[in-house]
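Hello,

Please find the structure below, with its sequence. My notes on what turned up follow it.

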Amino acid sequence: MAAQAAAAAQAAAAQAAQAEAADSWYLALLGFAEHFRTSSPPKIRLCVHCLQAVFPFKPPQRIEARTHLQLGSVLYHHTKNSEQARSHLEKAWLISQQVSFPYVKFEAASLLSELYCQENSVDAAKPLLRKAIQISQQTPYWHCRLLFQLAQLHTLEKDLVSACDLLGVGAEYARVVGSEYTRALFLLSKGMLLLMERKLQEVHPLLTLCGQIVENWQGNPIQKESLRVFFLVLQVTHYLDAGQVKSVKPCLKQLQQCIQTISTLHDDEILPSNPADLFHWLPKEHMCVLVYLVTVMHSMQAGYLEKAQKYTDKALMQLEKLKMLDCSPILSSFQVILLEHIIMCRLVTGHKATALQEISQVCQLCQQSPRLFSNHAAQLHTLLGLYCVSVNCMDNAEAQFTTALRLTNHQELWAFIVTNLASVYIREGNRHQEVVVALGVGPHPRSAGVWWDWPPQSFLSISCLLSPS
């Protein structure tokens with residue numbers, strides 16, 4: 001018996017030594033890979049070599065799945081080798097489903113769907129996200145994050161009905177798991193989409209509910225104030241869209257007070273106890289720019305042009321500082337919308353040369369992002385048309401306005417363009433053409449229905465609003 005016990009002890013010791021040795025080589029390779037990834041500048045090729053060196057050791061499936069995820073993530077974020085990134089992420093997703101490894105499974109699904117969308121393979125991304133959502137219900141953080149991601153995908157496709165449905169599902173799920181904070185984020189995001197759809201009758205009760213949730217929720221002060229900013233931004237936008245400029249003032253004042261409060265608060269490193277609360281809306285610096293932006297929007301509608309110029313200058317200065325350290329797409333969106341507003345202000349005040357320079361800036365920003373250009377092309381041609389009118393180049397103005405008409409389905413912008421185009425025809429003496437355009441049966445006839453597109457003042461997107469903490 002003693003001999004058997006000794007032999008068993010030796011075998012156990014050998015296994016332990018072997019496991020320790022296995023851990024040692026894996027941890028060593030992982031450490032080298034992280035060292036190269038975080039070097040300045042990053043040494044991505046060496047990082048990839050270290051991670052690829054894991055596979056010849058034939059590691060357990062958990063380590064294999066995680067390594068494929070790490071390789072896919074590095075290749076996706078730091079290289080243009082999307083084919084290899086996709087291959088590794090697909091392997092990570094496949095292997096992780098065979099073992100109980102939620103982090104790898106859902107991270108792989110999230111990254112892989114992003115990559116599919118980047119490659120314009122939306123039809124591959126949707127079922128992947130749906131499956132991940134279906135099997136993630138026992139993992140609150142990932143279930144909420146994947147719901148947000150799929151809702152964002154539908155939003156980018158302009159399928160706002162499906163996006164709203166998903167956000168409603170997310171709000172109910174957050175309520176069930178006891179996360180009033182994330183429930184508010186889902187509901188506010190849904191309210192934002194309803195505003196974009198102009199479903200004003202549904203917006204009012206939803207915003208009322210959101211206001212109650214925000215006021216009653218007791219938690220991290222920064223999270224609470226950020227919810228309040230989100231809520232007030234939607235209220236201000238709602239009033240401005242309805243043309244109720246005077247009703248905006250109390251909300252705008254509260255919004256400015258909120259951003260001052262947030263700027264004095266320090267970020268807490270303590271993570272929320274509920275994993276479903278591991279989200280934030282926008283960084284404090286982005287919220288500051290956003291408040292400047294809605295202030296500019298209000299000032300323009302109220303006719304306070306000097307105030308609009310003052311806040312635009314402040315916002316653009318803040319944006320330039322942020323863009324040195326942050327390449328978030330929402331910053332470029334903010335910048336384009338600010339420039340669009342200040343260009344109109346310059347044209348009204350007679351600063352035509354400055355307006356043209358700023359139109360050029362908008363063109364350069366839109367050239368850097370196909371999606372940004374798609375969303376703002378009609379507005380850009382409209383601004384060029386207005387500039388041409390201001391310098392009495394009516395033929396060019398007509399060309400810009402007719403191009404803008406072809407590029408928009410947004411009812412209010414279309415009406416604005418048609419009105420200006422009619423004024424061009426009046427100045428040219430083409431009264432018949434003016435009447436035809438005013439009736440909506442000009443060179444680019446529209447159906448008799450209602451045409452909706454992204455509102456010119458809609459500057460929020462879920463992908464930038466909600467990020468993991």
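Lys249 is found in helix H12. Helices here are DSSP runs of H or I with at least four residues, strands are runs of E with at least two, and both are numbered from the N terminus. Please note that this is a predicted model, in which local features need pLDDT of at least 70, side-chain atom pairs count only at pLDDT 80 or more, and totals for chains, interfaces and linings use all residues. Residues are numbered from 1 along each chain as its sequence is written, and side-chain values use heavy atoms, with hydrogens and water left out.

Lys249 counts as partly exposed because its relative accessibility is 45%. The classes are buried (under 20% relative accessible area), exposed (over 50%) and partly exposed in between, with a 1.4 Å probe and protein chains only. The areas come from the Shrake-Rupley method with a 1.4 Å probe, and for residues only the protein chains shown count as cover.

Lys249 belongs to a patch of positive charge on the surface, together with Lys246, Lys307, Lys310 and Lys314. A patch takes residues with over 30% relative accessible area and no salt bridge, joining like charges within 9 Å and nonpolar side chains (Val, Leu, Ile, Met, Phe, Trp, Tyr) within 5 Å. A salt bridge is a side-chain nitrogen of Lys or Arg within 4 Å of a carboxyl oxygen of Asp or Glu. Lys and Arg count as positive, Asp and Glu as negative, while His and the chain ends are not counted. The charge is placed at NZ of Lys, CZ of Arg, CG of Asp or CD of Glu. Helix H12 (245-264) and helix H14 (305-323) each supply at least two residues of the patch; the largest share, three residues, comes from H14.

Next, the backbone. In the loop between helix H1 (2-37) and helix H2 (44-52) sits Pro41, and the peptide bond from Ser40 to Pro41 is cis, with omega near 0 degrees. Lys58, in the loop between H2 and helix H3 (61-78), has a positive phi near 50 degrees without being a glycine. Lys58 is exposed, as its relative accessible area is 73%. Asn120, also not a glycine, has a positive phi of about 60 degrees. Asn120 lies in the loop between helix H5 (102-118) and helix H6 (122-134) and is exposed, at 69% relative accessible area.

How many disulfides does a search of the whole structure find? The result is zero, a disulfide being a pair of cysteine sulfur atoms within 2.5 Å. Cys144 is buried at 0% relative accessibility, and Cys164 is buried at 5%.

Regards
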